Amino acid sequence: MKIEQVLVLIKPDGIKKSLVGNILTKFSESKLIIVGSKMIKVDEKLAKAHYNHLKDKPFFNELINYIQGKVYGEPWNRILAFVYHGECAISKIREIAGATNPEDADPISIRGSYGRITTKGLYENVVHCSSDSIEAAREIKLWFNPEEVIEKLYPVKTVFIRNLKNTIWA
Ligand code: TYD
């Protein structure tokens, strides 16, 4: 039994299109459990760290604007982040999300149902999900602090920052 965790983001287009309920209903078919959730306004630093592997792609700047919701402005410039946990979590979530390109995605999947390609060619594909367990660990540690996840997923350590006790990823 392969117990995994996966980062899921409902991107600003999913928020703007009022798809949060529909998306969570689709992911609930996985029978996985949510062990972390929060709403975030994504700043440029977080956006660039998340998509660092795509920094040389021609669509990188547009992608950074998109994940920050800059194209939509207030009150859509935010995302919902989740950590799903359970058996084969990554493949289950990725199947429900569908292929990266909404035109290639199974029409029953989230991206196939709700995604689009903009006139500039960017895939607005409504959700993000980690591609493998290494990326999942990197992304979950980037988006969540240890105390925001109710399951102990990765090792932690206690440190003192200006005499304040903090728990950070080890
Ligand atoms: P990527 O990490 O390759 O895919 P995934 O999100 O499925 O893990 O790409 C990140 C995002 O970049 C993707 O969700 C949408 C955008 N993108 C494009 O707009 N055009 C492209 O050709 C690719 C590969 C990605």
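How far from an oxygen atom of the ligand does a polar side-chain atom of lysine 11 lie? The distance for lysine 11 is 3.1 Å. This is a predicted model, in which local features need pLDDT of at least 70, side-chain atom pairs count only at pLDDT 80 or more, and totals for chains, interfaces and linings use all residues. Residues are numbered from 1 along each chain as its sequence is written, and side-chain values use heavy atoms, with hydrogens and water left out.

Two further side chains place an N or O atom by a ligand oxygen. For histidine 53 the distance is 3.2 Å. For asparagine 125 it is 2.8 Å. The ligand has 500 Å² of accessible area on its own, and the protein covers 81% of it (Shrake-Rupley method, 1.4 Å probe).

Step back to the lining of the largest pocket. Its residues divide into eight nonpolar, seven polar and five charged. Helix H4 (60-67), strand S6 (127-129) and helix H7 (133-143) each supply at least two of the lining residues. Helices (H or I, at least four residues) and strands (E, at least two) are DSSP runs, numbered from the N terminus.

Definitions and conventions
A polar contact is a pair of N or O atoms within 3.5 Å; within protein, one must be able to donate a hydrogen and the other to accept it, and residues adjacent in sequence count only if both atoms are side-chain atoms. Ala, Val, Leu, Ile, Met, Phe, Trp, Tyr, Cys and Pro count as nonpolar, Asp, Glu, Lys and Arg as charged, and the others, Gly among them, as polar.
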